[in-house]
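Subject: A structure for you to explore

Hi there,

Here is the structure I promised to pass on. Have a look at it first, and then read my notes below.

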Amino acid sequence: MPERVNGSSGSGVNRRLRGVQNRFEPLVTRLFLAGIFVTGVIAQFVQPVGDALEGMAFLGGALLSLVAYVLYDAVQELSSSVRRPTPALVNSSELGGFVNEAFRARKVEISFLGYTGETLYHEVHRSLARLFDDPGPTKTVVVRLLVPDFEKPMTVPARVGPDDRPVDDSAFRNRMLRQCRDYSGSLSAVANSLNGTGRFVVECEYRCYPGIPRDKICIFNRTQVLHGLYDVSARKRLQDRGPEYYDPMGYATELNVWSREGTTAAEAAVSMWVKHFDELWAMSSVPNWGRSAAA
């Protein structure tokens, strides 16, 4: 069975009702206003209809309905084009709003470069699962995640050694590897379920890049880029008296936001990061655990 978003069946019904309302309310309103206008004009020039509908008063009503029709159309276009200004700096905990916005498109494309992708994974999984009940305009989804190659020795993440020097720790790396493998498998499972409906084409893939997790990059529909730097010196303990590990805290990373709808400099930044990611993706490798998760 396809995995669903947590919540009662009533919430799914409510989402479907809102989808129907958003789809048909503008059409019904336009037809109603146009009907008033046509009826008013007919009442003015067709005597029996005019007598039945109190004659001259309906010409003014017809003209008012025509004005209302035009204004309604203009307001609808204005409301669809006006959005809240995009903040220049956001926290990684705010990624949900960007993911939801991306899923309003017919073709959704989300790209990630970073540590494990945990902060983005949960939001993407929710949006994918939501497509079963409320597909909206979405037909195609492509999710690409680039993470470090945890099968190779690393300085970050690593165990904190003497003089605070990083010491490679294969057990800790394997912990991160298993986390990415689980995320990859979960995304692949919901993608396969969506593809099985025949209504969507969904691809979710993890790949690996060499090096440490320094940059955190999220790209939404190739039009908006969020970028920040991990705190590579952040430490944590798995046990109270256990060793410390250098472990970047992705959820605490602040991200700069660039959009193609912004300034010329912002548009140039988006183009640069999109190109950079595409090149890294082309040179990246598919990990063994990535192949098994997608199988």
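The face of α7 turned away from its buried side carries the exposed residues T264, A265, K275, A282 and M283. Here exposed means over 50% relative accessible area, buried means under 20%, and partly exposed lies in between (1.4 Å probe, protein chains only). Please keep in mind that this is a predicted model, where local features need pLDDT of at least 70 and side-chain atom pairs count only at pLDDT 80 or more, while totals for chains, interfaces and linings use all residues. Residues are numbered from 1 along each chain as its sequence is written, and side-chain values use heavy atoms, with hydrogens and water left out.

Back to the helix. α7 covers residues 264–283, 20 residues in total, and spans 29 Å from its first C-alpha to its last, close to the 28 Å expected at 1.5 Å a residue. That expected span is 1.5 Å times one less than the number of residues. Its buried residues are A266, A269, V270, W273, V274, F277 and W281. Why do they lie on the same side of α7? Because they cover an arc of only 130° around the axis, taken from the directions from the helix axis to the C-beta atoms. These buried residues pack against several strands, among them β2 (107–113), β3 (140–148) and β7 (215–220). Helices (H or I, at least four residues) and strands (E, at least two) are DSSP runs, numbered from the N terminus.

Next, β2. β2 pairs with β3 in the parallel sense over 7 bridges; two strands pair if DSSP finds at least two bridges between them. In this pairing, S111 is found opposite R144 of β3. Between the two strands the chain passes through helix α5 (residues 118–130), and this β-α-β crossover is right-handed. Right-handed means that, with the strands pointing away from the viewer, the path from the first strand over the helix to the second runs clockwise. β2 also runs antiparallel to β7, joined by 4 bridges, with I110 opposite F220 in β7.

There is also an open sheet of 4 strands, in the order β5-β4-β10-β9, with antiparallel pairing. β5 (166–167) and β9 (235–237) stand at the edges with a single partner strand each, so one side of each has no neighbour in the sheet. Strand β4 (residues 158–160) is joined to β5 by 2 bridges, and R159 faces V167 in β5.

Leaving aside residues up to four places away in sequence, N100 touches S127 and R130, where contact means heavy atoms within 4.5 Å. The side chain of N100 makes a polar contact of 3.5 Å with that of S127, and another of 3.5 Å with the side chain of R130. A polar contact is a pair of N or O atoms within 3.5 Å; within protein, one must be able to donate a hydrogen and the other to accept it, and residues adjacent in sequence count only if both atoms are side-chain atoms.

For the whole chain, there are 8 helices and 11 strands, and 39% of the 295 residues are buried.

Happy exploring!
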